[in-house]
Amino acid sequence: MTLILAGCTPSLPRAPESPTTTSAVTISPTAPDATRTPEPTPSPSPEPTPEPTPEPTPEATEAAPAYQTPGDFLKLSWDAPPSIEGAGFPLTRGMNGYKVMAVREALGLPVNGTASTVDQPMLDAVAEFQREQGIGVDGIVGPVTWDALGFRAEDWTALDAYVAPLRTDPTMDREVLIEEFIAEAMRYVGSPYVWGGANHPDHGADCSGMVLQAMYAVGLDPVSIDPVKHALPEYRTTRELFGHPGLMHVPVSESQRGDLLFYAGDNGTGLIYHMAIDLGDGTMIEESEPAGKISPIRSTNLVAEAVRPLP
């Protein structure tokens with residue numbers, strides 16, 4: 001706030017009173033003129049109002065980050081976390097993820113590997129449960145059936161929309177960011193393998209769900225890929241990440257700590273089915289049944305290119 005100092009106006013001097021005696025008075029030339037009102041002393045001009053100092057803009061005060069990905073590669077962001085659209089989806093045929101696994105367990109159905117999907121036995125078991133509970137029978141788990149199964153109502157949406165908390169800031173250089181990326185993935189060592197899952201480590205994930213959450217944790221959002229799409233039938237985040245235009249490819253022989261390794265059929269030339277994170281010492285972090293672990297890098301079916309999320 002600018003304080004403006006206004007000039008103060010002095011009081012006018014009072015004219016001396018005329019003598020009250022009746023005798024003649026000789027007025028000295030140097031005496032004050034008793035009959036003339038003195039001219040007022042001019043007031044000092046107010047100081048000019050200084051121009052207000054403009055508030056610094058965020059762009060002017062925000063320091064450049066210690067590291068940012070070069071060129072057109074996927075950019076780091078430290079703003080609000082990604083907004084996940086479509087959370088709270090019904091469990092229709094072919095859907096995957098932690099909610100599916102939880103319902104299958106509650107109904108006594110197998111949950112291993114790709115069995116953690118909505119198949120015909122699950123639709124039949126859900127329909128039977130709905131009949132027993134006296135609720136609408138369609139074999140599809142929605143919020144009403146979810147509640148009737150004894151799950152928390154708020155988890156119906158929250159489980160689909162989980163995004164790992166940001167664990168980095170703009171002061172971190174590339175090496176530190178890589179270590180934070182790996183540290184988030186390490187939280188999934190021992191975490192349950194969940195087909196189509198990209199959830200909190202307490203609930204589990206699959207191989208690409210783990211990688212997706214590790215990317216979120218360092219401020220990388222591979223737009224068009226998210227936990228909801230990850231759970232869709234036929235959607236494969238491994239292939240989407242490998243083909244993402246914002247991610248750098250390098251020969252797998254040049255892979256470094258923090259790079260993404262991919263596995264595909266036909267000795268690495270077919271469809272991608274698995275991925276892991278290179279630890280730079282001949283080992284990798286992977287989510288595979290029954291839980292996340294550190295494994296030696298396998299050469300069988302290893303794709304010839306690795307992906308470097310932090311180039």
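Colleague: What do the buried residues of H7 pack against?
Modeller: This is a predicted model. In it, the buried residues of H7 pack against helices H6 (174-186), H8 (227-230) and H9 (237-242). They also pack against strands E2 (260-264), E3 (272-278) and E4 (283-288).

Colleague: How many residues of H7 are buried?
Modeller: Eleven of the eleven, residues 207-217, so the helix is largely enclosed by the rest of the structure. Among them are Cys207, Gln213 and Tyr216.

Colleague: And just after H7, which residue takes a positive phi?
Modeller: Gly219, with a phi of about 95°.

Colleague: Switching to the largest nonpolar core. Which residues touch the most other members?
Modeller: Leu91, Met122 and Phe181, out of 63 residues in that core. H7 gives the most to this core, with eight residues. Other elements that give two or more include helix H2 (98-106) and helix H3 (120-133).

Colleague: What does Leu91 touch?
Modeller: Leaving out residues up to four places away in sequence, Leu91 touches Lys99, Val100, Val103, Val118, Met122, Ile140, Val141 and Trp156. There is also a second, separate core of seven residues, including Tyr263 and Met284.

Colleague: Different topic. Where is His244?
Modeller: His244 sits in the loop between H9 and strand E1 (248-251).

Colleague: Buried or exposed?
Modeller: Buried, because its relative accessibility is 11% and the cut-off for buried is under 20%.

Colleague: What is His244 in contact with?
Modeller: Leu74, Pro222, Val223 and Ile225, leaving aside neighbours within four places in sequence. A polar atom of the His244 side chain also lies 2.9 Å from the backbone nitrogen of Gly246.

Definitions and conventions. Residues are numbered from 1 along each chain as its sequence is written. This is a predicted model: local features need pLDDT of at least 70, side-chain atom pairs count only at pLDDT 80 or more; totals for chains, interfaces and linings use all residues. Side-chain values use heavy atoms; hydrogens and water are left out. Buried means under 20% relative accessible area, exposed over 50%, partly exposed in between (1.4 Å probe, protein chains only). Helices (H or I, at least four residues) and strands (E, at least two) are DSSP runs, numbered from the N terminus. Contact means heavy atoms within 4.5 Å. A polar contact is a pair of N or O atoms within 3.5 Å; within protein, one must be able to donate a hydrogen and the other to accept it, and residues adjacent in sequence count only if both atoms are side-chain atoms. A nonpolar core is a set of buried Ala, Val, Leu, Ile, Met, Phe, Trp, Tyr and Cys residues joined through side-chain atoms within 4.5 Å.
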